[in-house]
Structures are given as structure tokens and as C-alpha cells.
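Here is a short tour to read alongside the sequence and the model. Take a look at both, and then we can go through the details together.

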Amino acid sequence: MNGVVILVLGLVAMAIIKLIIDKNWVGLALCIIALFLVLGVGHSSK
């Protein structure tokens with residue numbers, strides 16, 4: 001399970017780095033908002 005988490009986090013980090021390099025600020029903002037919503041909703045539902 002930890003390997004899957006590390007793999008997914010690595011892919012997300014690569015996607016964010018690519019958005020920064022391409023200067024796609026709208027896509028970067030949407031990605032950060034989506035990550036915030038996914039992580040926020042996932043941890044608050046206990």
C-alpha cells in the first residue's frame with residue numbers, strides 16, 4: 001500500500017512540476033484546488 005501511495009504522489013508531483021514549467025497557471029490552480037478538496041474531504045470523513 002505504501003508503494004502505491006508513493007507512486008501516486010510522485011506522479012502528482014511530476015504533473016505539478018510540468019504545469020509550472022509550461023507556465024500553465026490556470027491548470028496549476030485547478031490542480032491545487034482539486035488536491036485540496038480531495039485531501040480535505042478524505043481526511044475529514046472519519
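## Terms and ground rules

Buried means under 20% relative accessible area, exposed means over 50%, and partly exposed lies in between (1.4 Å probe, protein chains only). By that scale Lys-23 is exposed, because its relative accessible area is 59%.

This is a predicted model, in which local features need pLDDT of at least 70 and side-chain atom pairs count only at pLDDT 80 or more, while totals for chains, interfaces and linings use all residues. Residues are numbered from 1 along each chain as its sequence is written, and side-chain values use heavy atoms, leaving out hydrogens and water.

## Overall picture

The protein has two helices and zero strands; helices (H or I, at least four residues) and strands (E, at least two) are DSSP runs, numbered from the N terminus. Of the 46 residues, 7% are buried.

Helix α1 covers residues 2-21, Val-5 among them.

Met-1, Val-5 and Leu-9 make a nonpolar surface patch of about 360 Å². Patches are made of residues with over 30% relative accessible area and no salt bridge, joining like charges within 9 Å and nonpolar side chains (Val, Leu, Ile, Met, Phe, Trp, Tyr) within 5 Å. Val-5 counts as partly exposed because its relative accessibility is 39%.

## The salt bridge and the loop

How many salt bridges does the structure hold? There is one, and it joins the side chains of Asp-22 and Lys-18 at 2.5 Å, N to O. The term means a side-chain nitrogen of Lys or Arg within 4 Å of a carboxyl oxygen of Asp or Glu. Asp-22 is partly exposed, at 46% relative accessible area.

Lys-23 lies in the loop between α1 and α2. Its phi is near 55°, a positive value in a residue other than glycine. Most residues other than glycine have a negative phi.

Cys-31 belongs to helix α2, residues 25-44. Leaving aside neighbours within four places in sequence, Cys-31 is in contact (heavy atoms within 4.5 Å) with Ile-16 and Leu-19. Cys-31 and Ile-16 are 15 residues apart in sequence, yet 7.6 Å apart in space, C-alpha to C-alpha.

Methods. Accessible areas come from the Shrake-Rupley method with a 1.4 Å probe; for residues, only the protein chains shown count as cover.
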